[in-house]
Amino acid sequence: GRLTKLRVVFLVDELNTMYTFTTLGVNKDGDNNLTRAERNLIAAKVMEGFGEYDFFTFLQDQSGKITLDRPAATTVEIEQGRLGLAFIIPLKTPLKLTGKSIYLQLYDPSYFTAISIDLRPSVVGGGRKCSISVVKPSETEQTRRSQVLLSQLSREETRDQENVGAIFAETTWLKCRE
């Protein structure tokens, strides 16, 4: 009946996968079979980089932001030539779910990065009285134009725009009955 942790999985696009490999000097033979040392290096660098931005993971309820801890574990895999990153992120304080509506958004607060939820989110454990749904942001002509414009800018050009990724973030709702 309590939410204690989240498991968040990111599957990075091919271009960013290649950039990560090149920058870190891993997978030099291109076979996508990473050694344990390469996986550990990627995990450490990702933890460092994503950590600056709350691991792109934002959880809220009616009262506001729910504080998350640093990920307890990071897993690095290669899936169809793309870098896969999985985080187990504990909540600082377990959250009672009874009668709660909470929502999760995954986004880069400093830069426009397209993040879509491709797998159906689920609750493991005592979430039988909970429903879960994903709501996509409304698509208007203005948001489409903004998305195209933002995708053409560099990180330096969007740094000052606070929570730019939230504009286009999909929202996962968890609603639990009494």
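Is P94 buried, exposed or partly exposed? P94 counts as partly exposed, at 38% relative accessibility; here buried means under 20% relative accessible area, exposed over 50%, and partly exposed in between (1.4 Å probe, protein chains only).

A word on the background: this is a predicted model, in which local features need pLDDT of at least 70, side-chain atom pairs count only at pLDDT 80 or more, and totals for chains, interfaces and linings use all residues. Residues are numbered from 1 along each chain as its sequence is written, and side-chain values use heavy atoms, with hydrogens and water left out.

**Around P94**

You will find P94 in strand β5. Helices (H or I, at least four residues) and strands (E, at least two) are DSSP runs, numbered from the N terminus. Leaving aside residues up to four places away in sequence, P94 touches R2, L3 and T4, where contact means heavy atoms within 4.5 Å. The C-alpha atoms of P94 and I66 are separated by 9.8 Å, and these residues are 28 apart along the chain.

**Helix α1**

In helix α1 (residues 14–24), the buried residues are T17, T20 and F21. Seen down the helix axis they fall within an arc of 95° (taken from the directions from the axis to the C-beta atoms), so they line one face of α1. The face turned away from this buried side carries the exposed residues L15, M18, Y19 and T22.

| Element | Residues |
|---|---|
| α2 | 36–51 |
| β4 | 73–79 |
| β5 | 82–96 |

After α1 comes G25, with a positive phi near 70°.
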